[in-house]
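User: Hi, I've just opened this one and I'm new to it. Could you walk me through a few spots?
Analyst: Happy to, let's look together.

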Amino acid sequence: MIVHFKGNCFVKMIWIWLALPLALGLATPAIGQGKQASMIAKILTTPGLWGKDFPAALASLPAWKRAGDPSVAIFPDRIVGATPFKTTESAQSARTAMIQALNQRPPAAEPFVELLKGQTERILQAQSEILQFLDDDSYRVTVTWADAQFFPAGLTVKQVESLIGQPEAVTTQVIQSERDRRPVILTLHRYADGALIVAESDWAPKPGLVDRIILNVPTVSAVVFGGGQ
Amino acid sequence: MRISFRLDRRFRTSRAQFVAAALILAGPAEGLGATIVDVATDATDPSNLADTEPSIAVNPVDPMKIAIVSFSETWGPSAMAPVWKSDNGGASWRKVPQIPQPAPGSSGPGDQKIAFDATGKLYIAELGSGPRDFIYRQTGGPDDPLTPGVAYGDDQPHLDIDKTTGGSCLNRLYSPWLNFGLANPRSTVSDSTNFGVGMTDVAVGNPAFPNRTTRIALSSDGKAYVVYKTREGSAPFSLPGSAGSDFENAHFNVMRSDDCGVTWSALGATGVSVHGSAPVQTLFTNNFGNQTKGKVARARSSDAWIAVDPVNGHVFVAYVSRDTTGFSQIYVARSIDQGASWTSTRITNGIHHAGYPNIAINEDGAIGVLYIDFDDSGSTTLFRHHFARSIYYGATWSDDILQTMDPGPLANAASGFLWGDYEGLTAAGSNFYGVFTGQSIGRSVAQLDPIFFKVVDERSPLQYAIKFVCGKSEPPVLAPGEYFTAINVHNPARQPAALKKKIAMALPGEKAGAVTHFFGARLDPDEALEIDCPDILKHASVKGFVKGFVVLETLSQLDVVAVYTATGETGRVETLFLERVPQRGLRTDQ
């Protein structure tokens, strides 16, 4: 995706520009909501796709939503918010809001009750940090803990396709930064009308590895928590 | 797949038909022979990677050995990033994994540039995540894992190494980069006396503005030059299909170091603008192309390159300027006084937007410029990789299209980046060697690949062999006396002439003597030079009485006259003889 910037407005615009990569996860209702929800539920509960701590990542979605993040990027060992900040200081208030929101525990929707049992407490013990993000050098709120595994490191796109089928669309996204180093180029495999995106990165140690899975926070959260979020 | 062709009118039609799927040739240049090879194959690139932002270097010890880096595989804890290598002048390529992860947790390559030293050892400047740069040096065999040096620097590290044997800066390694740790990003040059084991940072550029596009070139006299740009605010002009500004005001300045990189103030604190005091408008965009008609490219630090004539030290800068045509154009500025003053010439035709210039000078004084323009007059945007060449110091130019490409159907061509910020061009001997990220040739899946090209000057060189006799002789070889030879060389043409000269010693007793390597020289129109006995003795590193031939080779017709004098017991001239030396033609393979 290419976004225009206007000369002197570049510095201001760059933050909008940087926010777009993860905002891509915003779903559009091109397919029926019921069908989308069932697809999301199926993918989220697919055995072999996720790591042992993925339920805790799902449990954190309402907090991300209240903190205003439209999407989160799930990496094998951490969760990264979509909102880019220019400094660690400016990210701090978002991190505080995120931590406070973790204390609010909505009940899970029926299909996810068993899966999320005890996970809200688990996510409360997670470590929330502000880290500089390789993609665009911005500062992001992240959640992780020791030995966290949200999906298996080494998971490949081929394995994903064997588990949940072919994506609805595959697109490429260049994530520009203010610097002129090689940009991160993501190959986005879109599922459930974009509510869930499996992304490869050209910076990955091997071609074909899943680098991150991008979840549309409002859409996926609605499926997992229903109206109680 | 390898395609060879001569870019002349006789071959144009049939060859163009032959390569129609991959290449479109236009604007043939007389006597220019080009070979184009897709560096990657289905076997060496099974994942169909984009292989962008390539860099090329030719081994000075053996020009058949060529190395290229591009964004191919990455390094990791148990994986090394590759170097593409050819051992046969670029005809075929292999992929050698030899760039290990420089530090735990580092991802990369993020930016890279490749070079050889005078002995043919390989070096690569690499940017890893962090961001930190590393110089990789060859400490083992040519294909063994390279050894990373100390962490230094930041964005877009470049690289060059002084190769002048006997020079005061031999083996000095220079790596320009951009320091983003300041309010105004600052051009910086790190130098090393131990090939990157340790690096010393020296701020260059102009702190009053954000800097960008820092490139380096080294002269055979030990002087080092960098060109950089100052970003001075946006200019209200758009590329086709774009709504915002895609240009900014800038100066392209050259700075010089006369002390092996310790200081860079030889041309003043911030250097000399190559285009005068007024700023130019240059590209700063992620929209190079027409986004309503296909994919577009990033062009932000893709607007300047620098090279030095290896013989006379003249400095050349290729840069982008949106001029009165309304199009971003490629200009070449030349300085004959070590960067103090400059004269610019436009080399593009004023009817298409162009950018990404790389420039190199070969030993014959020919200037080569690799650049990209686009034609959006049809339904899709066509990007064209050009090779422009001037054999007359920029007075006239030929221009050939190496490849025309529509990246739209290429799955691994990412709009907003495409080939990267720059490509690769260098010269060795009389040849130009280049690499660009273009459309694959002969691959199962059409894609972006690194495309190597070699341009050979196929004009037949002329040779002049001039007998010389120098020094005091003793019988029985020659009559007693002191002999002198003065060789006068005049360029009668209206264009500059490049020549190279070597000394072939002749020994008595029917023995062959030593032959020196070539020494270069340049003559502007109507200029003349003289080669005397002291010059011959110096080049041949001999003393006393010597005889043999001075051999001149050139692509231009010259007036060559030898003047022979001898003195006897009086010490006054007793004989004088003038000989106009005839030329002979050499085949290009001689």
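User: Is B:Thr285 buried or exposed?
Analyst: B:Thr285 counts as buried, because its relative accessibility is 0%. Buried means under 20% relative accessible area, exposed over 50%, and partly exposed in between (1.4 Å probe, protein chains only). This is a predicted model, where local features need pLDDT of at least 70 and side-chain atom pairs count only at pLDDT 80 or more, while totals for chains, interfaces and linings use all residues. Residues are numbered from 1 along each chain as its sequence is written, chains are lettered from A and ligands numbered from 1 in the order in which they are written, and side-chain values use heavy atoms, with hydrogens and water left out.

User: Thanks! Where does B:Thr285 lie?
Analyst: B:Thr285 lies in strand 20 (residues 285–288) of chain B. Helices (H or I, at least four residues) and strands (E, at least two) are DSSP runs, numbered from the N terminus. A polar atom of the B:Thr285 side chain lies 2.7 Å from the backbone nitrogen of B:Asn287.

User: New topic: how many salt bridges are there over all chains?
Analyst: A search of the whole structure finds 33. A salt bridge here is a side-chain nitrogen of Lys or Arg within 4 Å of a carboxyl oxygen of Asp or Glu.

User: Which residue does A:Arg182 form a salt bridge with?
Analyst: A:Arg182 pairs with A:Asp202, and their closest N and O atoms are 3.5 Å apart. A:Arg182 lies in the loop between strand 5 (169–175) and strand 6 (184–191) of chain A, and A:Asp202 in the loop between strand 7 (196–201) and strand 8 (212–216) of chain A, so the pair ties together parts 20 residues apart in sequence.

User: And are those two buried or exposed?
Analyst: A:Arg182 counts as buried at 3% relative accessibility, whereas A:Asp202 counts as partly exposed at 25%.

User: What about B:Asp373, which residue is its salt-bridge partner?
Analyst: That's B:Arg384, with the closest N and O atoms 2.9 Å apart. The pair links distant parts of the chain, with B:Asp373 in strand 27 (residues 367–375) and B:Arg384 in strand 28 (residues 382–390) of chain B, 11 residues apart. B:Asp373 and B:Arg384 are both buried.

User: Last one: which residues of helix 5 of chain A are buried?
Analyst: They are A:Ala91, A:Ala94, A:Met98, A:Ala101 and A:Leu102. The buried residues of this helix pack against helix 4 (61–66), helix 6 (119–124), strand 3 (127–132) and strand 4 (139–144) of chain A, where contact means heavy atoms within 4.5 Å.

Note on methods
Polar contact = N/O pair within 3.5 Å; in protein donor to acceptor, adjacent residues only side chain to side chain.
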